[in-house]
Amino acid sequence: MRARSALVSGLALLLLGARRDDAPPPAAGRCAGTAPTAAGSCADCHAPIATEWAASAHAKAFTEPRWRAALARLAQPERCHGCHAPEPVQNRLGRPPATRRENQDAGVDCAACHEHRGALTGPFGSSAEGHSADANPLFRGAESVHLCAACHDTRIGPVLPLVRDWRASRAAARGETCVRCHMPREERSVAFDPVGGAATGPLREGRSHALLGPSDPDFAASAFDVGIAKRGARLELSITNLAGHRVPGLVGRSFEFELVQRDAGARELGRGLTAISAENPLFVDETRRFRFAAETGVRSAVLTLSHVFAGSRSVVARREFSW
Ligand code: HEC
Ligand code: HEC
Ligand code: HEC
Ligand code: HEC
Ligand code: HEC
C-alpha cells in the first residue's frame, strides 16, 4: 500500500514538472517527443521503472566521475563512448555498440536496451495505448545474456569480460542469468496513465531496474559462501565464489576478510587479514582456503567481510563461528 501511494504522488510531482514550460528534459533518456514514442517520455508512463533506472550505474555511465577522469587522460576519448552512451544495442548484437551523438549524459538509456530498428521491444509484447511493443525472447531466459554481453564481454580499460566467465559457470548450467541475479523479481503493473496515475496494464511478473551491485551489502555478501574449520593448530577459512563470474568483477575493487580469534570469554586473542582483488580474484566457482595459526585457547572467531574501493571501506557482512 505504502509503495503504491508513494508512487502515485511521485507521478503527480512528475506531471507538475512536465507542465512547466521550463521543465528539465526527462531523466529517462532521449524519449520526449521523439520516436519511438511521440506520446511522451518513458518516465511519464513507467515512473517506478524510470526511478529505479535513474539511480542505477547504467544511468550514470557517462557522468560518473571516475569515467570522466579516465577519459580526460586520453587522446581519442570518443573511442570509449560506445558502451557508455550507446545507440540501441539490439541493432548490432554481436558487435560493439555504436556511439549515440545526442543526450550522451543519459548513459545506458531505455532505448539502449529496448529499441530495435525504431520500435520498442520487451519481454511481454503489448499493443496497449502509448506504444506497441514486440515480445522479444532477448528479454527472457538465457537469451537475455546476449543483451548484457553487448557491453560486459570485453576486457577494455578497467572492465573485465564477465560474460565469458559466466558461460563456463555452474550458474549458467543452472540457468541463472545476469538478469536473474542483478534485477530482482517484482510483480506489479508496469505502466501507468500519465494523467490519472492509474495502472494501465495487468500485474506482470517482471523485474526491478534497480541494478544490484557490490554497493548493496546483502547482495555483495551473496557472492560468497564462507566457512571456518579448526584443524589442529590451524584455522582454515574457506571462501567459495557463488556469483556468476570472477569476484571482484572490476579493476580497482577488492574484498577483505578479517578474522578475529577469541577465547571462551569472547576476549580478542589475535587477528589476521586476507583479501581478493581484480589482480588476484576468486575465479568463477572457485573455493579458496586460507590458513591461520590458531591462538592458544581459541573458542570462536568473528569474520568481517568488507568491500574496498576508491580509498573507502564498507562492511558487507559479519559472521561468528565457534567450536
Ligand atoms: C565494450 C564496452 C565498453 C567500452 C568500449 C568501454 N567501456 Fe568502460 N565500462 C564498460 C562496462 C560494462 C563497465 C562496468 C564494468 C563493471 O562495473 O564491472 C565500464 C566501466 C568503466 C569505468 C568505471 C570504473 C569504475 O571504477 O567505476 C571506467 C573508468 C571506464 N569504464 C573507462 C573506459 C575507458 C577509458 C574506455 C575506452 C578506453 C571504456 N571504458 C570503453 C564497458 C565499456
Ligand atoms: C503514454 C504512455 C507510455 C509512454 C510514454 C511509454 N510507454 Fe511503454 N508502455 C505503455 C503501456 C500502456 C504498456 C503496456 C503495459 C502492459 O501491457 O502491461 C507499455 C509497455 C512497455 C514495455 C513492455 C513491452 C513488452 O513487450 O514487454 C516496454 C519495454 C516499454 N513500455 C518501454 C518504454 C520505453 C523505453 C518508453 C520511452 C521510449 C516508453 N515505454 C514510453 C505506455 C507507455
Ligand atoms: C550499452 C552497454 C551496456 C549494456 C547493454 C549493459 N550494461 Fe551493464 N554497465 C554498462 C556500463 C558502461 C556500466 C558502468 C557504469 C559506471 O559505473 O560508470 C555498467 C554497469 C553494470 C553493473 C554494475 C552495477 C554497480 O552498481 O556496480 C551491473 C551489475 C551491470 N551493468 C549489469 C548489466 C546487466 C545485467 C545487463 C543486461 C541486462 C547489462 N548490464 C547491460 C554498460 C552496459
Ligand atoms: C549467481 C548470481 C550472479 C550472476 C548469474 C551474475 N552475477 Fe554479476 N554479481 C553477482 C554478485 C553477488 C556481485 C557482487 C560481487 C562483486 O562485486 O564482484 C556481482 C557483481 C557484478 C558486477 C560489478 C562488478 C564490480 O566490481 O563493480 C557486474 C558489472 C556484474 N556483476 C555483471 C554481471 C553480468 C554481465 C552477468 C551475466 C554474464 C552477471 N553479472 C551474472 C552475482 C551474479
Ligand atoms: C541494461 C538494459 C536495460 C535498460 C537500460 C532498461 N531496461 Fe527495461 N528491461 C530490461 C530487461 C532485461 C527486462 C526484462 C526483465 C524481465 O525478465 O521481466 C526489462 C523489462 C522492462 C519492462 C517490462 C516490465 C518488466 O518488469 O519486465 C519495461 C516496461 C521496461 N523494461 C521499461 C524500461 C524503461 C522505461 C527503461 C528506462 C528508464 C528501461 N526499461 C531500461 C533491460 C533494460
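Predicted model: local features only at pLDDT ≥ 70, side-chain atom pairs only at ≥ 80, totals over all residues.

Trainee: What percentage of the residues count as buried?

Mentor: 30% of the 323 residues do.

Trainee: On to the ligands. Which residues are the closest to ligand 3?

Mentor: Glu-64, Cys-148, Cys-151, Cys-178 and Gly-213, out of 27 that surround ligand 3.

Trainee: Which helix gives the largest share of that shell around ligand 3?

Mentor: That's α6, with six residues. α5 (110-114) and α9 also supply at least two residues each.

Trainee: And how does the shell around ligand 3 divide by class: nonpolar, polar, charged?

Mentor: 18 nonpolar, seven polar and two charged.

Trainee: Now ligand 4. What surrounds ligand 4?

Mentor: 25 residues, the closest being Cys-178, Cys-181, Pro-214, Gly-244 and Gly-249. By class, the shell around ligand 4 has 16 nonpolar, seven polar and two charged residues.

Trainee: Which helices each supply at least two residues there, around ligand 4?

Mentor: α6 (144-152), α7 (162-167), α9 (178-182) and α10 (217-221).

Trainee: Last one: where does ligand 4 lie relative to domain 1 and domain 2?

Mentor: Between them, because domain 1 (2-207) and domain 2 (217-322) both give residues to the shell around ligand 4.

Notes:
Residues numbered from 1 in each chain as written. Chains lettered and ligands numbered in written order. Near = placed C-beta within 6 Å. Helix = DSSP H or I, 4+ residues; strand = E, 2+ residues; numbered from the N terminus. Nonpolar A, V, L, I, M, F, W, Y, C, P; charged D, E, K, R; others polar. Domains from an automatic or database assignment. Buried ≥ 20, exposed ≤ 12 C-beta atoms within 10 Å, placed from the backbone.
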